[in-house]
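I opened this model to go through its surface, its helices, its disulfide and a few single residues. My notes follow in the order I looked things up.

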Amino acid sequence: MLPGRVGGRARRHPLPPARRRPIIGVLAAGLIALAAIPAAAQQTSKDPRAERDRIRSKRAEVATQVDALRAEDAEVDAALAALDENLRGKQAAFADADRAAGEAEREAAEAREAERQKEAEIERLREEIAGFAVAAYVNPPGEDLFDSFRAASAGEALQKRTLLDLRSGRDADLLDELRAAQHELEELRERAERASEEARQRRAVAEQQLGEVQAARAQQAQFAAQVQQRLDARLGEAAALEETDRELSAEISRREAELAERLRRMSASPAAGGGSGGGPPIPVSGPIALANVRGIVVAASIAGQTESMLAAAAADGIVLSGTGYRDISRQIELRRQHCGSSEYALYQMPAEQCRPPTARPGASKHEQGLAIDFTEGGRTLSRSSTGFQWLAANAGRFGFVNLPSEPWHWSVGGG
């Protein structure tokens, strides 16, 4: 046989330690580098779901800064969409977290049940071993062996000896089973503890997600309340314009009806958690003292400042006309036709729940005689009108302010 061969096969000589170390070091360095790649990737890239949630939350935060009463329809519509998307995203995240928590809690319960069953098994083994111990004390093995020699026949002696061997073997088996069961119990306890901790962590995440859902819902509801005020104001304005500018009145009603539909769908969706309600009723004042100022009927309380403003405009060559007070009984009749005849339907039901959407009585400054829709040369004011430009420069001196989305609408106290 050739040197270095065992049984006709070449024997592999292990590398000496000095030569093994560099190879092991290279392999270890390679494994560390490979393991570091995912960690580095996690640091340089963001979780897509977390990033989407962050973007939705940011958009919702920006949406809450929109002034629903003054913004353009497109801005309000976009804000509602952002808030709705954010709420739906939060609810989806909560549903996932709640489901994961439920699964973890079920796994923890199963682990605890397996632990209880193993404890019962150990108790049974201990009782069986105790029974054997009692039997051995009452009838020691030595006496059994002595009895076998006193057996009446060889067959009887063999039977006694076999039973004795079986009992001794069973004792040993029971002890082995007990030791194995105790080891398994330790593993089951560790598994149950890990499962319970996992369940606690996942439930904490679910609770956090639920808090975010509630915050998003409150955020949405707060803005929706502003939109409802806007609908009341804008639809009331459309009703006030009905006699003087039917085309503009119809355009406002159409645009606000689209906004009302979105608000209605949002309020009815599961994500919104039910309708937002109509809020407190708008106070409906009694008879108002009125005055006619150059053909414009206003509350007597603002007649003086209205006269001063119109006179100042005329002195600058700007002749303004328009409509002011509008009888609230007309709005009540419209609500009766579009919303219903109950007290709630007439005075509290949100405008978007009526068909077509209809402002609540008392929502418009026109019904208080505190607002005027100005015209110039028989045309409703626009931003390019000389009348609007004069008012923008001078109306504040007389206590009148403009609603930015409605260049024709000026009122005392705003709104």
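**Whole chain.** I started with the surface: the accessible area of the chain comes to about 23,700 Å², and 56% of that belongs to carbon and sulfur atoms. These areas come from the Shrake-Rupley method with a 1.4 Å probe, and for residues only the protein chains shown count as cover.

I noted the ground rules next. This is a predicted model, so I kept to pLDDT of at least 70 for local features and 80 or more for side-chain atom pairs, while totals for chains, interfaces and linings use all residues. Residues are numbered from 1 along each chain as its sequence is written, and side-chain values use heavy atoms, with hydrogens and water left out.

I then looked up the secondary structure. The chain has 10 helices and 9 strands. These are DSSP runs numbered from the N terminus: helices are H or I with at least four residues, strands are E with at least two.

Buried residues make up 36% of the 415 in the chain. Buried means under 20% relative accessible area, exposed means over 50%, and partly exposed lies in between (1.4 Å probe, protein chains only).

I also checked contacts, meaning heavy atoms within 4.5 Å. Of the contacts with a separation of 6 or more, 70% are between residues 24 or more positions apart.

**Helix α10.** Which residues of α10 are buried? In this helix, residues 386-394, I found G387, F388, W390, L391 and N394 buried. They lie on the same side of α10 because they cover an arc of only 160° around the axis. The arc is taken from the directions from the helix axis to the C-beta atoms. The face turned away from that buried side carries the exposed residues A392 and A393. I then asked what the buried residues of α10 pack against. The partners are α7 (303-315), β6 (371-376), β8 (400-403) and β9 (406-412).

An α-helix has 3.6 residues a turn, so residues three or four places apart point the same way.

**Helix α8.** I repeated the check on α8 (328-338). Here I328, Q331, I332, L334 and R335 are buried. After α8 comes G340, with a positive phi near 135°.

**The disulfide.** How many disulfides does the structure hold? There is 1, counting pairs of cysteine sulfur atoms within 2.5 Å. C339 and C354 form it, with their sulfur atoms 2.0 Å apart. The link is right-handed, with 110° about the S-S bond. It ties together distant parts of the chain, 15 residues apart: C339 sits in the loop between α8 and α9 (343-347), and C354 in the loop between α9 and β6. Are the two cysteines buried or exposed? C339 is buried at 15% relative accessible area, and C354 is buried at 0%.

I found a cis peptide bond between R355 and P356, with omega about -5°. P356 is in the loop between α9 and β6. R294 has a positive phi of about 55°, although it is not a glycine. I placed R294 in the loop between β3 (290-293) and β4 (296-299). R294 counts as partly exposed, at 47% relative accessibility.

**A199.** This residue is in helix α5. A199 is buried, with 8% relative accessible area. Leaving out residues up to four places away in sequence, A199 touches A104, E105 and A108. I also checked A199 against A100: they are 99 residues apart along the chain, and their C-alpha atoms are separated by 8.5 Å.

**E406.** This residue is in strand β9. E406 counts as buried, at 1% relative accessibility. Beyond its neighbours within four places in sequence, E406 is in contact with R234 and E237. E406 and I252 are 154 residues apart in sequence, and 10.0 Å apart from C-alpha to C-alpha.
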